[in-house]
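Let's walk through this one together with a few questions and answers. Have a look at the picture first.

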Amino acid sequence: MSHYYIPIAGTTGWQRPSEWLDLPVNTDENKKVFYGLFLVFEDEFNALRISVRGTPTVDWGDGTSPFTYSAAITKIYDYDSITGAVNQYYDGRNYKQVIVSIDNFNSNGFDIAATDSTNNINTNSSLNFADIYVSYGMMTSNSNFTINNSRTLPYLEIFKFENATRTGALRLNNASILQIVEFNNVDLVRVLNLVNTKINQPFDFPPIAASNNANQNLIIDSIDSYVMPNVEASDGIFRDIKCRKINSFTAGSVGSSFQGRNFVRNAYYLEEIGLIDSPFTSYDNGFNGCSMLRSLEWVDFSMVTNVNNMFSNTGNLRKLITPGCTVGIDISDNSMTADALDAWFTSLGTATGAQIITITDNPGTATCDTTIATGKGYTVVV
Amino acid sequence: MYYKNDIENNMWYKGREVRFPNGIIIKDGNPQSYDGWEWLEEPPQEYLDWLIRLELEEETQT
């Protein structure tokens with residue numbers, strides 16, 4: 001079943017396994033509910049601990065009676081006592097299914113990845129959810145909504161999150177086979193943590209407020225649009241991401257001193273960023289280590305003052321457009337042709353004081369027209 | 001190679017040829033120095049020390 005699939009022409013690719021139980025359908029945007037399809041394996045320690053705020057109704061989905069939550073609680077599922085079909089996971093192991101329901105939680109914290117030393121649930125224990133649906137009830141929150149934190153989600157293939165005015169930090173780390181991620185009717189996510197997660201199909205990111213190293217080692221083919229309307233933190237937004245293309249990045253007002261520091265640092269597989277529209281004044285080490293990065297273009301570069309090591313350890317850059325740039329940049333050892341260098345020089349603004357551009361060891365270094373840059377006050381090292 | 005130390009910004013620059021906004025070009029040691037650029041057969045020790053510091057900083061950040 002499930003994630004080892006072969007796309008067939010004329011189909012829509014990955015399909016939700018037909019043997020999976022359907023999650024309940026919610027049509028009320030004001031409803032606060034978590035539904036999770038939990039796989040109970042014959043040969044696993046099938047534990048789940050929840051620590052939430054408020055007095056929601058919890059249904060473990062195994063036939064035991066729903067109860068009103070009052071304190072952090074651990075559930076250890078008994079495979080033998082669960083009714084329903086025995087299914088086979090792709091590796092041949094037997095599993096049964098339950099649907100966990102947590103209804104009417106409040107906005108002061110939600111954690112289904114809590115540890116429990118009494119029951120040997122540690123920070124690295126896996127969580128057996130395969131399909132998760134959350135409706136946030138149009139709440140506003142700065143508290144964490146923790147699906148897993150540092151724990152692993154080896155079976156999670158679908159994650160849908162709806163109906164939020166503003167969430168706190170939404171932690172969805174260490175999910176290795178996610179197929180479908182959806183955000184609907186979500187105005188703002190404070191942080192979307194996708195560290196060490198692999199998502200097999202591109203999805204529409206919700207607007208995000210803060211993103212300090214939130215995408216480290218995220219494996220995803222491409223990101224269509226990443227929008228940060230009011231930036232609250234931004235050090236290493238795409239640092240270490242395993243992604244081929246980011247179609248656009250847009251940031252609004254900046255409240256963080258980090259700005260574009262380590263922006264896509266060490267994103268080795270990143271080939272292109274479509275268009276950057278941001279008020280960041282610093283890209284300190286922003287593209288350091290992006291050895292496959294070919295193309296970069298800003299809407300406006302005039303506010304940028306810190307380009308320290310911005311293009312260290314790149315090498316493949318073939319297009320660079322920095323409109324209104326006033327600072328010297330080192331793009332030595334890249335792949336810029338004479339035409340590309342001339343286009344870059346043309347996009348520059350007038351240098352602020354003594355500024356040095358270094359273009360050593362590019363294919364077009366010897367034949368480009370450096371007078372375009374010197375005419376704007378730059379010193380050019382060829 | 002020409003070397004230039006921007007002490008204020010803790011930066012070093014180097015190159016065989018440098019073209020200035022006033023039209024002056026220095027190349028392959030002719031002239032020996034200009035506007036803080038100095039032609040040296042071997043990299044100065046301060047430059048090498050700076051490179052080592054950069055590498056160490058990078059290691060601590062990665």
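Q: How many residues of chain A are in contact with chain B?
A: Keep in mind that this is a predicted model. On the chain B side of the meeting place, eight residues take part. Their partners in chain A number 12.

Q: Which element gives the largest share of the side of chain A that touches chain B?
A: Two elements of chain A give two or more residues to this side: β20 (355-358) and β21 (378-381). The largest share is four residues, and that comes from β21(A).

Q: How many residues on the side of chain A that touches chain B are charged?
A: Let's sort them by type. Seven are polar and five are nonpolar.

Q: Which residue of chain B does Val381(A) stand opposite?
A: Strand β21(A) is joined by two bridges to β3 (residues 17-19) of chain B, and the two run antiparallel. Within β3(B), the residue opposite Val381(A) is Val18(B).

Q: Is Met1(B) buried, exposed or partly exposed?
A: Met1(B) sits in the segment before β1 (2-6) of chain B. Around Met1(B) there are 15 other C-beta atoms within 10 Å. Buried needs 20 or more and exposed needs 12 or fewer, so Met1(B) is partly exposed.

Q: What separates the C-alpha atoms of Met1(B) and Trp37(B)?
A: Leaving aside neighbours within four places in sequence, Met1(B) is in contact with Lys14(B), Arg16(B) and Leu40(B). Now take Trp37(B), 36 residues from Met1(B) along the chain. The separation of their C-alpha atoms is 9.6 Å.

How values were computed: Residues are numbered from 1 along each chain as its sequence is written. Chains are lettered from A and ligands numbered from 1 in the order in which they are written. This is a predicted model: local features need pLDDT of at least 70, side-chain atom pairs count only at pLDDT 80 or more; totals for chains, interfaces and linings use all residues. Two residues are in contact if their C-beta atoms, placed from the backbone, lie within 7 Å. Ala, Val, Leu, Ile, Met, Phe, Trp, Tyr, Cys and Pro count as nonpolar, Asp, Glu, Lys and Arg as charged, and the others, Gly among them, as polar. Two strands pair if DSSP finds at least two bridges between them.
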